[in-house]
Amino acid sequence: MMTYRARRWLAQAAAICAVMAVAAWFISNVARNLSAAGLRLDFGFLEGAATFAVGESLVPFESGQSLLRAFVAGMSNTVTVSALAILGATVLGVTIGIARISPTSLIRRTAQAYVETIRNTPLLLQLLFWHSLMTQGFPNALEASPILGCVFLTNRGLYLPALGGNGESWLSCPELTGFNITGGMSVSPEFAGLLIGLVIYGGSYISEIVRGGILAVPRGQTEAALACGLNRFDALRLVVLPQALRTMVPPMTSQYLNLLKSSSLAVTVGYPELMRVSIAATSQTGHALECIAIVMLVYLFISLGIAACMNLYNRRQLAYSVR
Amino acid sequence: MMLQPPSRLAWRRPSFIANSLAVVLLAWLAWKTLDWAIMSAAPPWATADACRNIQKSQGACWPFLAAKFRLVLFGRYPYEEQWRAALFVALAGAMIVWTLWQALRVRRTGRGARSIAMAWIVGLPCWALLLVGGVAGIPAVSLDNVDGLPLTLLLASMAAFGAFWLSLPLALARRSELPGIAGLATLYIEFVRGVPLVAFLFMAFALTPILLPSGWVPPAPVRALCVLVFFLAAYMAEIVRGAMQNISTGQYEAASTIGLGYWKTMRLVVLPQALRQALPSLANSFISAIKDTAVVFTVGMFDMLGAAESAISDPSWGGRFLEIYVFVGSFYVLMCGGVSLYSRHLERVGNKQSGATR
């Protein structure tokens, strides 16, 4: 009979060998298929010119610039929409979470029904709904009537006032000139639909986390705050929420990561974020493996980075808290 | 409450104002919804002409849904054989409900797990026969034509089933004290949890010509199922691992005192307790499995969402979309809401059994 230590080493060696054997099989398949098709695995295609355009981005990109720049533009779009979605979802989630513990039964039950409906429908269905609403539910530019004189909701985008007027006023208002609306700043319907869908979906999950965190704070805290003369809202804001934050942070962080990964669903609504740029690059150059590897590495990097920060924060909280 | 103003001044409390505003807003929303859905809408038995005068935003056009609901539910499944798909949906739904109910009994008494396994092992080939046919005189339907609600149910239940069995060894491996095995499991779980599902689906559908030997082309539902199984297993493994961490070390020590080895400890002592605790969270991950099957629409598979999109793109109905989305959404709410109620019931029962006082 082998010793205990020998058995342990044998088990680990067997597991690692099995995994490497499977990996080797895949790699041999890739090598054989690539050479049969005459392709090579190389990242040099990134310097080639892109034949597609990236509609909107913080990094301006037009068709003909390098594919690397296209990927950077896609990445900036992902980060933009994820950051705004995280912000909006947190605000909405805290509001609905507080509504879910309201003493008024009507508000509490309506918030519960709302959260249950949002959480039980797939995010993709909601994104398609908001996208359809943005592109077909609004009139076109000629028929849109401005709200408050400065906001146009059309099927080609939302036109909002922008700061920095042209010398006459603080805001530059969009207005109808000819067949288009000029001035102000415009938000494309894809971006608006994606953002609203993510905010509402993420907000309902965050509302559950907020509610759980608030309920985890002992009731004595609320009662003491009310005894000191604070009204319910101030008691919540000054006493309960700061203590609830500690319980809320880990699940909140995983929800933020989920929002980041869910932004990749934008491939169906036409917003040019990283996943969509990668698919366009694949269909143009045929280097599917490299493009997918780039996408996976980017998402992994961001996810592991945020998770590492969360672990650091958690460890500090455990050190400071009285257990 | 001692420091609130007397009740005749209650209307000046800020909470009263906020609550009244909220009530007014909700009443207005409810009125608008009722108006759109019923009062200004064309009933489902009307003809298509009745919808012509109703604006998209003012009233629903239920004849649109009546004309399209078979397409949305069954996709490209042959028209005459759709009774088989409907029968499959009924059977699969009944079996899932029975499994969840039986899991309650397993949780209470610890027995009956074998009957669940037997039912699924017998049931799965029967379903395959019903849907795909090809033997015993049942006309064959290509697996690529299984769309809509049967595809959603098939993917969700088989993915959850397979992922569950894969997650148990994964969780054990992640908690193993052998660094090699624990490292491999951690690498896999962290990698899968860091990348969105769309990337994996795209990899499975665009890279199979490169990754697999030439000539191996598994049908699309099989590829989607493999991706879903490996994806969900990582998340379920984290849930099981968390439940295993909650079990006190006294259990492990007592088991080794009696002389149980590693595998016997896990099978007889640790996993039964861990799975009992993890059951509400595992039910939640079943809900995620149902919703994740919708993502296969991004790689061109015609699940319910894909069929809904093709129904909406019919230009003769004037670009209406809300009726179809409400229809599809209500199926998802029914399925996921049911499992969610079950999961909440489990948590309540679990709290009572473990002596929590709230």
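## A chat about chains A and B

Visitor: What does B:Gln82 touch, leaving out residues up to four places away in sequence?

Guide: Not counting residues up to four places away in sequence, B:Gln82 touches B:Arg70, B:Phe74, B:Gly75 and B:Tyr77, where contact means heavy atoms within 4.5 Å. This is a predicted model, in which local features need pLDDT of at least 70 and side-chain atom pairs count only at pLDDT 80 or more, while totals for chains, interfaces and linings use all residues. Residues are numbered from 1 along each chain as its sequence is written, chains are lettered from A and ligands numbered from 1 in the order in which they are written, and side-chain values use heavy atoms, with hydrogens and water left out.

Visitor: Is B:Gln82 buried or exposed, and which helix is it in?

Guide: B:Gln82 is buried, because its relative accessible area is 4% and buried means under 20%, exposed over 50% and partly exposed in between (1.4 Å probe, protein chains only). B:Gln82 lies in helix H3 of chain B, residues 82–109; helices (H or I, at least four residues) and strands (E, at least two) are DSSP runs, numbered from the N terminus.

Visitor: And B:Val270, what surrounds that one?

Guide: B:Val270, which is found in helix H11 (residues 262–292) of chain B, touches B:Met244, B:Ile247, B:Tyr252 and B:Thr265, not counting residues up to four places away in sequence. B:Val270 and B:Ile247 are 23 residues apart in sequence and 7.5 Å apart in space, C-alpha to C-alpha. B:Val270 counts as buried because its relative accessibility is 0%.

Visitor: Why does B:Phe16 count as partly exposed?

Guide: B:Phe16, in helix H1 (residues 14–39) of chain B, counts as partly exposed because its relative accessibility is 44%. B:Phe16 and B:Ala237 are 221 residues apart in sequence and 47 Å apart in space, C-alpha to C-alpha.

Visitor: Stepping back, how many helices and strands are in chain B?

Guide: Chain B has 13 helices and 0 strands, and its C-alpha atoms fill a box of roughly 80 × 80 × 35 Å, taken along the principal axes. Of its 358 residues, 45% count as buried. Among contacts in chain B between residues at least 6 apart in sequence, 69% join residues at least 24 apart.

Visitor: Now the interface: how many residues of chain A are in contact with chain B?

Guide: In chain A, 56 residues are in contact with 55 residues of chain B. The area buried between the two chains is about 4700 Å², of which carbon and sulfur atoms give 74%; buried area is the accessible area (1.4 Å probe) that two parts lose on being put together, summed over both. A:Asn120, A:Leu125 and A:Met296 supply 13% of the area that chain A buries against chain B, more than any other three residues.

Visitor: How many salt bridges are there between chain A and chain B?

Guide: There are 2 salt bridges between chain A and chain B, a salt bridge being a side-chain nitrogen of Lys or Arg within 4 Å of a carboxyl oxygen of Asp or Glu. One of them joins the side chains of A:Arg8 and B:Glu177 (3.5 Å, N to O).

Visitor: Which helices of chain A each supply at least two residues of the side that touches chain B?

Guide: Among them are helix H1 (4–37), helix H5 (189–216) and helix H9 (288–320) of chain A, and the largest share of that side, 14 residues, comes from H1(A).
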